[in-house]
Amino acid sequence: MSRIPESKVEEIQSAGDVVSVVARYVALKKTGKNFKGLCPFHKEKTPSFIVSPEKQIYHCFGCGKGGNVFNFLMSVENISYIEAIRRVASDLGITLPDYRPADQKVTDAEYDHFYHANQIASEFFTTNVSNHARQYLQSRKLKKETLDRYEVGFAANKWDGLLNYPKYKSVRQDVYLELGLIQKKEDSERTFDRFRNRIMFPFFNLSGQIVGFGGRRLNENDQPKYLNSPESKIYKKGTILYGLHQAIPAIREKKSVIIVEGYFDLLRLVDEGFQNVVASSGTALTEGQARLIKRYTDNAIISYDSDDAGIKAAVRNSQIIEAQDLNVTMVVLPKPYDPDTFILEKGRTAYTELLKSKILPIDFQLNALQTRNINLALEEKYKLIDEMLEDYLHIPNDVKIGLYIHKIADKMEIAESFLISRFNNLKRRYRFRAPEREEKADSQDGYINKGQWRAEEDLISILLLDKKEVARYIFEHISTEDFVNDHLREIFEILVHQWEDLGHFSLKDLEKSITTESGINLISKLSLQVIQQPLKYAVGCIYKMRKWHLDARYNEILRLMKEESTSSKSKSHYTKELTEIRLRISDVENERQKMFNTKI
Ligand SMILES: [Zn+2]
């Protein structure tokens, strides 16, 4: 729980505006009372992301994510609840007291402990530089200004360097342990520094807080070469990109991002004035990282090492990025350079020239194929083509696919029509194997839109319209037990209590009672569903819900009759019950007819 008083949070929430906050990340268009745009949380071509200024919530009807302004910032920036409140507050010019634990022993703002501990470690790494480290740095020929900007530091070659740093004691030890900055000795309570004799590269989140570190060995005999922070409350692998926080303004300005592999590649480029650069740190990009890039630009330039591993990684990552509908090009360096050594040796202008001659990944692949395999056997040729086509299945852009197919046809000397039918074949097979992500989005948290659940959902949407006579009608006909979906039953129950206590419904109070992510997503959806003629609609929902229960009972009895087809006595008992249910179903049907015929 936050130490920010509840009343303050409410003040901030009601003064803040979800539309203007969301508009910084999503291009919004006004449609009726609401705004619409492309969801930042999943890929889509037609907008299903709705923001309501009236209700101060957002919801994506594609992937199901939703909530209030704080939930949005938490998801989009990957920050804590407290941090999200602070952001909205600072936009409004409301100053919140600093919850950092510098002079307090323990605060409830757990996340801040973690950021603060990393900040202390970074201070330690940047202030305690040994001669050895200084020499190493000089050999790298990087400007101090660049190193300062990225807070590049050095972990001392000691077991207790950080432990004895004066500010160390201002944060609890268990925080350092979870962050992996210190470790416990086996079978002992004694602790020691985890990072020793390493160059330290802090990982910043988008708000400029340090979430973890990458440590490169200084002594070539130490293992491993790179030691990274473990995952923690504030650091999830594959969710951040090294250097993105610093690069955002330049990426926006240049309308493109250069992606390199290593920390030193990045620092070299920045040193030479290429500011729009991020590092993927050697591993394959995740879909989340690619989406992160997409948030700031549509154009990515991959500039990796010239060795085989670098080229392989470049091609693979270009596919991951293209799947997010970005334009990708590759810079091909001459062997044996990487961007760092190339610029150091050949200079900035030579690299600028290379950037100009960047090529599409497909051209690179086709060129490589041509030089390697001049006389491909026919089967080999088909196999290679299939492999390439399979990679394009993920590209959400038909024009691009058309262009690529054309290029393959041209270079491999194959009829384009053949490739197109081959591609469509693969597409059908792929669809059969793996359902599209957008289709999967519906079943979050085991939540599937069955007919009954749909009626339950709609009924709650109707209640949230807060129309008294409609609510009264619903409560007369439906009770908590009629709900089969647990989440929806829980929400219904809260609404029943609100009705009894307040005589109306409060979305704000509902948001407070439901705290799970899936619950928040559900509420935003329910409160943004468009319902016309609510009473008529409610009659339909109630009918469906009651009929569903009766049908279920009916089928249950049929099953029992089959199983226990023994005595004629039990048979007649069941038959009677079946008749009863049939009567009740027709009752429900009649009532619905009656309601529809009277003017409501
Ligand atoms: Zn979405």
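Let me begin with Pro 336, which lies in the loop between strand S15 (327–330) and helix H13, where helices are DSSP runs of H or I with at least four residues, strands are DSSP runs of E with at least two, and both are numbered from the N terminus. The peptide bond that leads from Lys 335 into Pro 336 is cis, with omega near 5°. Please keep in mind that this is a predicted model, in which local features need pLDDT of at least 70 and side-chain atom pairs count only at pLDDT 80 or more, while totals for chains, interfaces and linings use all residues. Residues are numbered from 1 along each chain as its sequence is written.

There is another cis peptide bond to show you, and this one joins Gln 223 and Pro 224, with omega about -10°; Pro 224 has its place in the loop between S10 and S11. As background, most peptide bonds are trans, and most residues other than glycine have a negative phi.

Going back to H13, which covers residues 339–346, which of its residues are buried? They are Pro 339, Asp 340, Phe 342 and Ile 343, and a residue is called buried if 20 or more other C-beta atoms lie within 10 Å of its own, exposed if 12 or fewer, and partly exposed in between, with C-beta atoms placed from the backbone. The cover over these buried residues includes strand S12 (257–260), helix H10 (263–271) and helix H14 (348–356). Just after H13 comes Gly 347, which takes a positive phi of about 95°.

Gln 56 is one of them, with a phi of about 60°, and its place is in the loop between strand S3 (49–52) and strand S4 (57–60). With 18 other C-beta atoms within 10 Å, Gln 56 is partly exposed. Asp 466 likewise has a positive phi, near 60°, and it lies in the loop between helix H20 (451–464) and helix H21 (468–477). Asp 466 has 15 other C-beta atoms within 10 Å and is therefore partly exposed.

Let me step back to the whole protein. It has 600 residues, of which 34% count as buried, and its secondary structure comes to 26 helices and 15 strands. The C-alpha trace spans about 90 × 75 × 55 Å along its principal axes. If we take contacts between residues at least 6 apart in sequence, 65% of them join residues at least 24 apart, where a contact means that two C-beta atoms, placed from the backbone, lie within 7 Å.

Now to the sheets. Five strands form an open sheet in the order S1-S2-S3-S4-S5, with antiparallel pairing, and two strands are said to pair if DSSP finds at least two bridges between them. Strand S1 (29–31) and strand S5 (66–67) stand at the edges with a single partner strand each, so one side of each has no neighbour in the sheet. S1 pairs with strand S2 (residues 34–37) over three bridges, and Thr 31 stands opposite Asn 34 in S2.

An open sheet of four strands, also with antiparallel pairing, has the order S6-S9-S10-S11. Its edges are strand S6 (153–155) and strand S11 (226–228), each of which has a single partner strand, so one side of each is left without a neighbour in the sheet. Within this sheet, strand S9 (residues 198–204) and strand S10 (residues 210–217) pair over seven bridges, and Met 200 stands opposite Gly 215 in S10.

Finally, how do helix H3 (residues 69–77) and helix H4 (residues 81–91) pack, and at what angle? The angle is about 115°, with the axes 9 Å apart; axes are lines fitted to C-alpha atoms, for helices over the stretch in contact, and angles run from 0 to 180 degrees between N-to-C directions. H3 and H4 are therefore roughly perpendicular, on a scale where angles under 35 degrees count as roughly parallel, over 145 as roughly antiparallel, 65 to 115 as roughly perpendicular and the rest as oblique. The contact is made by Val 69, Phe 70, Leu 73 and Met 74 of H3, together with Tyr 81, Ala 84, Ile 85, Arg 87 and Val 88 of H4.
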